[in-house]
Each structure stands twice: as structure tokens, then as C-alpha cells.
Amino acid sequence: MADTLLSIRDLRLEGRAERGWVPILKGVDLDLKRGEVLGLIGESGAGKSTLGLAAMGYVRDGTRFAGGSVTFDGRDLLKLSPRERRRLRGNRIAYVAQSAAASFNPAHRLIDQYSEGPVIHGVMSKAQAEADARELYAKMRLPDPDRIGFRYPHQVSGGQLQRAMTAMAMASRPDLIVFDEPTTALDVTTQIEVLGAIRDIVAEFDTAAIYITHDLAVVAQMADRIKVIRHGEEVEEAPTREMLAAPREDYTRSLWAVREFRADPAPAPAPDEKPVLSVSHVTASYRTGPAVLQDVTFDIHPGRTLAVVGESGSGKSTAARVITGLLPPDGGEIRLGGEVLPPRLADRSREQLRRVQMIYQMADTALNPRQTLREIVGRPARFYRGLRGRDLDRDIRQLLEDVELDPDEFIDRYPGELSGGQKQRVGILRALAARPDVIICDEVTSALDQIVADGILRLLKRLQVEHGLSYMFITHDIATVRAIADHVVVMQNGHVVEQGPKAEMFAPPHAAYTDLLLSSVPEMDPDWLTRRRGEMRA
Amino acid sequence: MSPIVRMILGRLALGLLSLVLVSLVIFMAVELLPGDIAQEVLGQSATPETVAAFRAELGLDQAAPIRYVHWLGGVLTGDLGNSLATGRDIGSMIVDRFGKTLFLAGYAAAISVPLAVTLGILAALYRNSIFDRIVNVATLSSISFPEYFVAYILILLLSINTPVFPSIADFGRDPSLGDMLYRTFLPAMTLVLVVTAHMMRMTRASIINLMAQPYIEMARLKGVGPARVILRHALPNALAPIINVVALNLAYLITGVVIVEVVFVYPGLGQLMVDSVAKRDITVVQGCCLVFAGIYILLNLLADVLSIATNPQLLHRK
Amino acid sequence: MRTLRLLSSAPPTALFGMTVIALYALVVILAPWIAPHGQTEIVGLEFEPWGGDYVLGTDNLGRDMLSRMIYGIRNSVTIALLTTLLSFALGSVLGLLAATLGGWIDQVLSRLVDVLMAIPAILFALLLLTITGTGIAQMIAIIAVLEATRVFRLTRATAMNVSVMDFVEAARLRGEGTGWIIRREILPNITSPLIAEFGLRFCFVFLAISALSFLGLGIQPPTADLGAMVRDNAALITFGDMVPLLPAAAIALLTIAVNFVVDWMLHRASGLKS
């Protein structure tokens, strides 16, 4: 076919492991026409970034090509000399990385980094490239496009850097750009602008693109076709609308289905029901810095889930630190079951500590890698409830069964021998073993793949019902809020912007910020981004 | 005042503070001594009168803070007191020898710094190659060798078996520079071998760390060739780590100097210090220690300031 | 079984290192039985050549060089090991406390260590030795304290990396005491860097002690010591005789061996992480 730009056949790649080489890509095919955008979707470790880089004929240290071909515009990149491959990169194939902040060289101005590609490939002179940069910066809707290029990377915000990097990728007007999770590190309200800018510029120059992401809703906006990858192999591939409407494979369907989970909401608390934990008029700051929490007030009712939503820097995690006593507040108070909690962790009684437990975002760092599950789960049971010997053993086994981990198989394992979802279950168990009243869940599902996250949410809901637990759910993810919250608190810059029962919060009218937050969350509908941007302009 | 100037001034103040603290430690070391220094130095056979006279000469009959201020005042005006053993003025004893030591250390540094940095960068770039492995084994061995072992091997090879260079690094009055370089070749080489190994390993480690940064990968993905990746993308960010590596290794240079001077009977500060330790000539040791430590701190300070001044994130504030 | 597999994956340098370390350990333990003569025993004339009655000849006082070497290894290695243990006992405990407790304790200890480290160790050692006078006990104490500052820095830094992890925060929130947090949460996670550091520290201590002895300021005669033996017999080098280099080579061999093993350990640790 004349209009085929990139054709990958039976591509195999291996990575160096402790003993020998293990396969990362196990024979993947991929075809891309000129001007087409292919979405590459899969869970972490599926091999999608490796595939994206391989499309540039590039492998990272510790990985190697083991077979197959990558034919770009009629030439097999794997058979070219390093020099010939270099002549294509940054010229006819460009790359946009996930972390723009780390991928710009801190020692050079943005515009110098922009012009480097075109100049070394002889596409433009330096002066031409600089003039061109201003034009592209404007197209990417960067503020002050004539001057922003003369700044250094650390002087520019994350969302702007990501747009500057897309402009840089476009500098030589390549035939193909590989986007590797370009908006994953951004807040939703920033993400929507970057997505729009990327889509426009790719359309304007009719550039083909491989768009890598784990977010279905994002890929639905960006791609003409979607390819699903799992364990280094293709699951299925179809035009975007077709795949969204009728996914063929079970695995793809399960990816789609997880976004549907809705826990049955608990009945609204009676007007005279006492909250189990109440935060009133709390103000807090780190050292001598500005206040990171200002006059924050909310209640958590027994057996209910309170979701605290906000973007990075909103103060939602600081609120958790104040409640747990890690950061004594400057003003206000925290009550647990009616009694005022001492501000400092060290002044709280063991009983008070027992009643509020915490589950963390990163299960990898939340569990001591040198302790077995028996020690991790058994310690709170022993520490708070004085269980010993056979009683303790029985309790640990019971807890493991509770979260569907076979005690005989798992009790003496170390966290390193568990999958991500299993680790997060153990994190939940450690909290549960204290028999708490309130559990603070700090972004507990954001580091997990969607199917696993879904399982964790269902598990938390079941445990809530069985044990009468109250949750404070800290998250930036609106889908999670929809799935599990009873009551929602929206935070921005250390303030509570709005709060109320979930049903009210998701129905207009909203506070302006809540509206922006809610409407920035990508939806599965491929027309969402177009529609949403139309609304924003209006 | 720009933030970078403020930061540099801050470092200078900190450096000054550590100079004062170090002088205090050197002074206090004598104070912390259990028992009576005068008795210790003079031995058990000394009569109470001689001990008392000696104490008075040391100024030990005054309170410690007064003596410290007095001593520090002297140090600042170049008066380091008198030697306990010979009664000679320490300042004049040190000046000449200090120059010789600086010459030797400078000689070694002038060769080893460029050598180590170049080899370190090369080893990092050709990581896991045969070259890298050979260099790794060679430098590991080299840092495992006592300085005097290296020194005697060099003497055996280049002075005894093939008499090319002198094994005693003394030069008479008014030697020419060439003559000095020739006569101190072996001690300088000894230092070079020891210091280069340490410095090279650290340079390699910091460059490897740098080459793993995403912006280096980005440069490669823009089609930038290997030479340009290093010169334009790695080097500007490598300056600060390399400067720090060089500063850290000054400690090895100073340690090496002390021993090398003894082996080659080189009349420098290290030799004087070792002789004085044996004679328990505390005032001289204090003086030498202060000079060495002062130089060490000043050079570290210089490195600190340089790495601030070459850091792009500090140079161009928001 | 696991040990065997581990050993089979070791590079030749590390295997060489482990073999040498084992040999030295044997010499240290068995010295009195394998040395043909006593360490201070005068058996012949001064500077008798190699071969003949004495495998390595005799030294400047007519003592058997081989026996002196064997005892020298025993003495120097034991003293260095003792000093390293002492510096670890001091440095790692304080480092762990500083990292776990933080606050003013950390501030005070860290600033103190900064000042001590602002003077190169060997200079400080010379200064202190002038004051205390030379002797094995003084030397052990001085070197141990000075090296403890390095141990402190490393322990504190690695422990800090661990103590910011969520599982340590979880233990704090549970209400665990400092003792538990150090022993059960932090220590098990920093043992491998600490073991590697022990190897490196041992090398530094071993070299520092032999350097002091070489300068005549360390282990005093007639006790056999590798550094002092180089000095005592240095005159022979002018005659092209390699005998004085043997004790120095014995020092170098052991430090190389330890460095090779540590290098392999560090390489393994960093490889497993990435």
C-alpha cells in the first residue's frame, strides 16, 4: 500500500532480567497510514512504551531487538546503520515523553532545544527555526509565544512544558510522532487543554501519530484506531468507534466494564446522627510557609464514605496528615466520636490511634519488604488488641480469607512475591486488623490498573458493609468518586470549595470550580473533547 | 541582590564558620586531653618546677577561652607560636615547607584531575565494555594499594632497576622549574596513581547517573549524535558533580602527601608534621593541621561556589 | 543450594576476593601454629637473604621474615577489624537515631560530624596521636571515632531514605516506639548497604592503621605489624631487594580482595533495583 507509513511485523523484544533475557514484546504487528492516529492502550508493563520506542528503531538500555521488522516509509529501521537511524529521528519521526520536566535539558533554553533538531538535520537554519518556534508555540496556545522560548525549562509550568515539547516534536514537520502518555502526569483541568492542542496540531499538519496511554477515555478522543496490548501481545485492534461500541475480546470488555461500577449509596445520615470524625475550622501550614489548609470543615458519618476531591496542591492529603496527627494544625480541632483528639500524634492514646487507620497510594512503599504478611497483618492485631499465639494466627488467617488471599499460600510470603493488587489488599488488611472506625484511603487506586482498581473498590465497599467502616477517600479521580462516595468534599488551594451528598454534587448547579473539575474529566464518547471545547469557548 | 549572589555569600559565611569551628576543634583537642599535657610531654621524671615553668610557657595557667582568642589572634596575624621542641617560630618553619607541599600537591593535581575526569567520562560512556572493566579492576586495585607501596614500587622500577628518576626528592637552593619537576616526578606520580583512581571512579559514577536522565534519551530521540549528546547535553549538567568529585578527592591528596613526603624525604609540611608527632611537638602539629585543614576547607568552599555558579537552575531563576 | 547458585554467578574478581579473604582468615586464626618462629624471636643475622634457612630471609634485627609476616597479618587484621567494629557500633547507632528521631538530635549530630569531617581524617589522627601519645589503644579509639563519622553519614542517609517510606509512617501512626521502628522497620532494609560499607570501612581503617604504623606512629615495636615492617626494612629497597614490599603487598592483596567482593555486592544491589 502506497500510503502505509509504518509497518511493524512480528516484532520481538527482550529485556535483561536477573537470569538471562526475557521477552517483552512477543511478535507484535502494527500498521499506520500517513496522517493516521493509532491509540495504543494497555496496563502498566504491557509493553506499550517499548513498542512506541521500537517504532523509532530505538531500544532502552537493558533491552534488545530479538526479531521482526520495523519498516518506516519503505525502509527497515532495524537494518539501518545507527547514523541512518539518527538521520530519521527528530526529523521524520519524533517523540513526546511522559515527563516534560525531566525530558527537557535543564541547561538550555526551550527555543534552543526546539531548534536543535531542525538545525542538525539541515531542515532549517537556526534563525528560521526560531521564527518557526514562535509560530508553533502560538499554535499550541502557549502564553506569550514570542518570548516563552527564551525561558529555561524550570521556569515554565508542567502543562506548558508538555505543549512546548509537542511543538518541539513538530519542529521538523515529521511524518510520525510517538506520544508516550503525554498527559498522565497532569491534572485534569490542565490535561484537557493539552489534549486539545495536541489534537489540533496533529490534524493541521496531517501528522501520523502513535498515542500511548492507559486511559481509555483519553485515547477515545485522540485516536482513529485503537490497539489493545497485554503482556507484550496484541489483544485486538479496531477503529475507535467500532471498538468502543463493540469490543470483541473479553479482556477489552473488562477494561470497558470497570468504569461502570457504582456502589449502592448508603442512606443519608439522620439529622441527629453524630459524626464519627469531624474536622472543624482547621487551618494548617508547613513550618513557616503559607497556610495549606484554610478553615476546613467536614464530617464523616458512621458507615459512610466521604470523598475528598481536588487536584495536586489542593490540600487534600494535608487534611489527612492533620487528622492522623502527623501535622498538628495551627487552628481548629478534630473530634473522634465526640472527643477532641490531641493535635500531636505523640499525645494520642493507643485507643485513639487504633480507631483511625490509613491505606496508602503506593502499596510498594506502604509495606515493609522485609516483613512477611504474617508480621505485617499480625502486628496491629497484636499491638492494639493484644492477640498472641494461636489467637493471633487464627485472626491473621481469617483476615487473609476476608480479602480472598489463601492463608496457607500467602501467610509467610513477602510483599515482593505479590502482585500490585494483592499488595494493596494487604495494605487494607493491615488497617482492618486494628478494627478501626475510620479508614483514610489516600489515592488507594490511582497507582493500579483499572481492572485491579475496580476490584479494590468493590472489596472496600464489601468490607464497609460487613464491618460498619467509615472511609475518608482522598482522590483526584472523579470516576472513583462516582463509584464509591456518599458525600463529596471538593477542595482547591487549601479551601473547601463545595460539599454535599454525591447526588447533589453531580447535578448542577455547581460552584464554578467543581463545574470545571467535573467537566474536564474525559468521557468515553469520542466526541466529548470536541463538544467540551465548544462549550468552553462559548 | 540576586539570589545566586546571596547563596554564594551564604556559602562563604558557612565556610568561614567551619574554619572557626575547625580551629576551635584543633585548639580544644589539647584541652580534652586527660591529665596534664605538660607532664605528659615532659615525662614522669620531670620535676614539678620544670612542669610549672612549661605550663606557664604554654600559657596553660590562663583560662581556655582567653587562650583560644589569643591563639586565634596570633594565627590571623601569622603568629603560630613557638615549637615546643626547638623553640623556633612555627610560622617561619611552615612557610617554606608549605610552599614545597603546595608545589608537590599542585603538580599531582595538574596531572590527575584532567586524567581522572577524562578516563572517568570514557569509562562511563563505554560502560560494561572491556575498557570499562579493565579500568574498574585497575582503579579498584590502585585504591587498595597503600601509598608507600606504590611509592616503593616506583622507586624500585624507575630509580633502582632503571635509574631514571631520583628516589630522594630534595632540591638544593634556587632549582629551575624543570629541575623541580624532574626531582619530584616519583612522589608526584605516586600521588597521581592513588588520587586518579578514586577520582575516576566517582566521575564515572556521576556521569552514569547523568546519562540515565530522560533528557539524554530525549536528545538521542531527536537524532543527536553521540559526541553532541555528551558535549551539549551531558557536560553542562556534569560540571557541578565533577567539581564536587574533585573537591572530595582533595582529602586523598592531603593524606597521600603526608606519606609520600616521608617516603621520598621531601621537606614539606607533611614530613614536618610526622616528625613533630613523633616528638610530641603539639604546637607545631596544631599549626600544620590548621594550615592543611584551612586549605582543604577553602578548596571545598571554592568547589561549592563553583557548582552553584554553574547550575543552570540557580543561574536563571523564575 | 542458594549460596552455591549465588557463588556460581559471581564474577572471577569476586571469587578471587572471597578466596583471599578466606586465606587471610585462616592465617589470622592459625598464626601461632603455622609460623615457624615467634614474632619477636631473633633467629639469625640481620637481613639474611631469601631461601636457605629462612624462606623470606630475616629482617633488620635478624627475625624470621615469614613468621613476622604471619603475625603481622594476624595483628594488623585483628586490630583493623576491631576498629571497624567499634566505628560501626558508634556510627551506625547514632546514624539510625539521627535519621529516626530527626529534630535537634539530628541537627546536633550532623553538624558535629560536619565539623569533624572538615579535617581530613589522617591529619586529625596525627593531631590526636600527638596529644595522647602513640599506642594501640589510642590509635584504635582515634581511628574508630574518625571513621565513625563516615559510617554515621552513610547510615543516616540510607536510613533517611527508608524512614520516609509509607510503611515507616504507618508504624509511626500505629504508635510504635523508636526502638521498634529502628529494629524492625528500618534496619532490615538497610543491611546490605551497611554490609558493603563495612567492607569499605575495613579497607580504609586497614590502610589508615598501616599508614600510621608505617610512619612509626601506630602499632609499636616489637609487635609485628605490616606497615611498620615496610618501614623497618625500607633500606633494602635501595639494593633492589623486594622483601620490604612483601608486607605492603600483603596489605594491598587483602584490600583488593575486600574491594572486589564489595564491588560485586554493590553491583548486584544496583542491578536488582533497576
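## Exercises on chains A and C

In the UniProt record, an unreviewed entry, the annotation "domain: ABC transmembrane type-1" covers residues 73-266 of chain C; such annotations may be inferred rather than shown by experiment. The model is predicted: local features need pLDDT of at least 70, side-chain atom pairs count only at pLDDT 80 or more, and totals for chains, interfaces and linings use all residues. Residues are numbered from 1 along each chain as its sequence is written, chains are lettered from A in the order in which they are written, and side-chain values use heavy atoms, without hydrogens and water.

**Exercise 1.** Describe residues 73-266 of chain C.

*Solution.* The span is 82% helix and 0% strand. Its end C-alpha atoms lie 27 Å apart.

**Exercise 2.** Describe the packing of helix H7 of chain A with helix H21 of chain A.

*Solution.* 
1. H7(A) covers residues 188-204 and H21(A) residues 512-520; helices are DSSP runs (H or I, at least four residues).
2. The angle is about 55° and the axes are 8 Å apart.
3. In contact (heavy atoms within 4.5 Å) are A:Val188, A:Thr189 and A:Ile192 of H7(A) with A:Leu516, A:Leu517, A:Ser519 and A:Ser520 of H21(A).

**Exercise 3.** How is chain A divided into domains?

*Solution.* 
1. Domain 1 is 36-61 + 81-257, and domain 2 is 277-371 + 416-507; the bounds come from an automatic or database domain assignment.
2. The C-alpha centres of these domains of chain A lie 35 Å apart.
3. Domain 1 of chain A gives 11 residues to the contact, and domain 2 of chain A gives 5 residues.

Terms used. Axes fitted to C-alpha atoms, helices over the stretch in contact; angles between N-to-C directions. Helix = DSSP H or I, 4+ residues; strand = E, 2+ residues; numbered from the N terminus.
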